[in-house]
Amino acid sequence: MSEGLLGSEWFRLILGLLIVLAFSQLNALFLVWLERKVAGHLQLRPGPMEVGPHGLLQTIADGVKLVGKELILPFKADRKLFFLAPVMVFMPVLVGFLVLPFSRGLIIRDMNVGVLLVFAFSTITVLAILTGGWASNNKYALLGAVRSVAQNVAYEIPLLLAVLSVVLVVHSLSFAKIVEYQKTVWFIFLQPLAGLIYLIAATAETNRAPFDIPEAESELVAGFHTEYSGMGFGLFFLAEYTNMFIVCAVATSLFFGGWNGLFGISLGIPGVFWFLLKTYFLIFVIMWVRWTFPRVRFDQLMNFSWKVMIPLSLANIVITAIVVKII
Amino acid sequence: MAELEKIEASDRVYSLNLGPQHPSTHGVLRIVLDLDGEYIIKADPVIGYGHRGHEKMGENRPYKQFLPNTSRMDYLSGMLFNHGFVLAVEKLVGIKVPERAKYIRVIASELNRISSHLLWFGTYLMDLGGFTPFLYAFDDREQILDILDSITGSRLTYSYCRFGGVSRDVDLKFIEMTRAFLKRMEKRWADYDSLVTKNVIFIHRTRDVGVIDRELARQYGVTGPNLRACGVAFDVRRSEPYEVYDRLDFEIPTGTKGDALDRYDVRFKEMQQSCRIIDQALDQLPEGEFLTPKVPQKLGPPKGEVYTAFESARGLTAYYMVSDGSPGPYRCHIRVPSFGNLNALNDVLPGTLVADAISILGSIDVVIPEIDR
Amino acid sequence: MGYFKDIIDGGLSLIEGMGVTARRLFQPLITVQYPRKKIPLSSAYRGHIELKIFEETGTHKCIVCLNCEKTCPSGVIRVQGEKQKEKGPKTLTGYVIDFSKCSLCGLCVEICPTSTLEYSREYELVGDTGADCVFDLMLRLAKQVEQREEKKKTQGIAA
């Protein structure tokens, strides 16, 4: 009976869900702390220092504060959609964890369309942002929401084209197979252009600076979440960081060899550590970029996407296809 | 233009209140924007939220008691405003200023100019979304504040100048600190160049954005770096040299197009020129008195009027005072540069994007309390 | 080929910028954790005014000329004096400042004929109400005199 319970699909699903929920929350809290620390040290200041050792518990304190705050519904806002949006932004992010290959065998579900699933669900975030911005009945929020849609439409294309060039080589959409393929050589060495395009597009996809135009603090106050208070804002915030983790985890498995060590040398370190190490390093790079550059204007962003990234990624895919055919 | 008017009539246009509470309006400015999508059709700056009646205050108190007010109009270049007021009263009453005091005032003013420009540099980058240059600039600015703190005892509203000199002499430590600061900045310019000036995103955000050409500048009375950015080398320090500026060798940086990038370049080079001025002034600093002892407690200026212009960090600033022989001015008026500079927005903003509006507003460097007074 | 050159130049400029921030990661921090660490005040620091204690008399030298009260642009200072004898100088009985109005211009310190006003070196002056910003300088002086005497006593005992 117990064997039946452990082996049953339901048990695995519920266990997986619990782990994912716990991990995503802790991870987001840690990333917020990391962001503040990285920002601080890049700017010659220590970042949070007061709550806990080196401010480690700062984000928990902030979270408690957010939970305790009133959820304010703006005048004439669309009540249902207004409260639906933060939930909607967080749910698809969780789904991404289903297929992330933390290590060999440490995948909740190794689907043969794993890559597709992650990107299909991450698109829902845009819908949530649009909903939230529209329901707020605020011009700044609406501007932010509209910008977000325009931006994501433009950036989904090079993102997927970059991913496609990897898929073309491996002939599979399963994360496990893609990672296995990179046992000796990571895709970043075979497909440097696709890797770079993926990282840039992913930064835009997660609305991170220098592509944070939907939030654009100095222009649109807080963009789409201007009117959100308390945990409504908190969920947007958590989703942003969880999204960042997923995007970087996907980059790790697609381009940086997932659980594999460099050139097949794993140094006896478990795969999951390799995976997390690389993911967090990519996250660090994204933070580093955020705290270095000014924000681009949204028409320049579009220009960059349509005139540079899409042609380059298309060229890359054609060349990849030709090379794959010849070999 | 006809096309714009057609859009204006349609109901696609909506208005957006940019301010008075907005992260990047530098004080309490409100701009009412009429938007079509994100394109600005009409921009109307609304001022007056920070009105404290400084001019009126000047009229009902002795000259001396107006001193602390002056540095509170443009709090970012308090020393310069202080300096200008003292110049005006000295001209009105006819007080001679010792040479040493003149040099000290010039050094302090130029330090203040650099600190004002550094703050502009930081906040401008913050308007564009880059947070880190802001803190680097504040690090440098903090050095200036420390230097000025060591002679004035205050970090923002200095009240340092007195009629006939300055309130406190400078010592060797001040000179040392200033020299160290100049040396430090030499390295920092290169850092700022790599971090901002050469940055492709920054260049794209500023090039051809918010062009104020000569004609527009003339119409609105735009002065200071904004005027110099469109190629007019007008600087009060050169055209009507006050204090010892005629003895110092410095260049007036100018731009060509008058866009945000030119304004950035002009201010950036101005900081370097200010460093040059300070360096020379420190070399030439003579010994002697720092405050002439012959100034009476109660000033009784002759009947008449005085107009003194000086170059503040934002442009041509002037005090105009009418004296009726009483201890205080009968009429006190201050010409501030930000007013003209800000009003040029009426013509510059239409046709640009909201994101550009922020960039333009940041690049013309207004201090709203200076306008509101 | 200008197309690719622009992309590459732009990319290089971005990398150069990232180098600037990365270098900062290895530089010492400039933050001073304020309540735990304090930086020395500058010698010119202007706090609120206080009455100076002169060594020879052990107290202030205020002659209640009211110059400070008159010269203050914001009406911060209130001075009270009494004549102890029918004919003779006034003595100071009350010296109150409302620091919330003070603009720290220093005109009072400069105008004082006996130089009995000076700047205090206090800056931790947080209060909950406006009344917390009203300082009675006579009380302050009395306290300081007391402290001085105690210090002298302890020094005397030690000697």
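Predicted model: local features only at pLDDT ≥ 70, side-chain atom pairs only at ≥ 80, totals over all residues.
Local features here need pLDDT of at least 70, side-chain atom pairs count only at pLDDT 80 or more, and totals for chains, interfaces and linings use all residues. Residues are numbered from 1 along each chain as its sequence is written, and chains are lettered from A in the order in which they are written.

**Select chain C.** Its C-alpha trace spans about 100 × 45 × 30 Å along the principal axes. The radius of gyration is 27 Å, whereas a compact globule of 159 residues would have one near 15 Å. That radius is taken over C-alpha atoms, and the globule rule is 2.2 Å times the number of residues to the power 0.38.

**Colour by secondary structure.** Look for 4 helices and 5 strands. From the N terminus, the order is α-β-α-β-β-α-β-β-α. Helices (H or I, at least four residues) and strands (E, at least two) are DSSP runs, numbered from the N terminus.

**Select Gln27(C).** This residue sits in the loop between helix 1 (2-24) and strand 1 (49-51). Gln27(C) counts as exposed because it has 9 C-beta neighbours inside 10 Å; the cut-off for exposed is 12 or fewer, for buried 20 or more, with partly exposed in between, and C-beta atoms are placed from the backbone. Of the 159 residues of chain C, 21% count as buried.

**Show chain A.** The contact takes 12 residues from chain C and 13 residues from chain A. Residues in contact have C-beta atoms, placed from the backbone, within 7 Å.

Terms used:
Contact = placed C-beta atoms within 7 Å.
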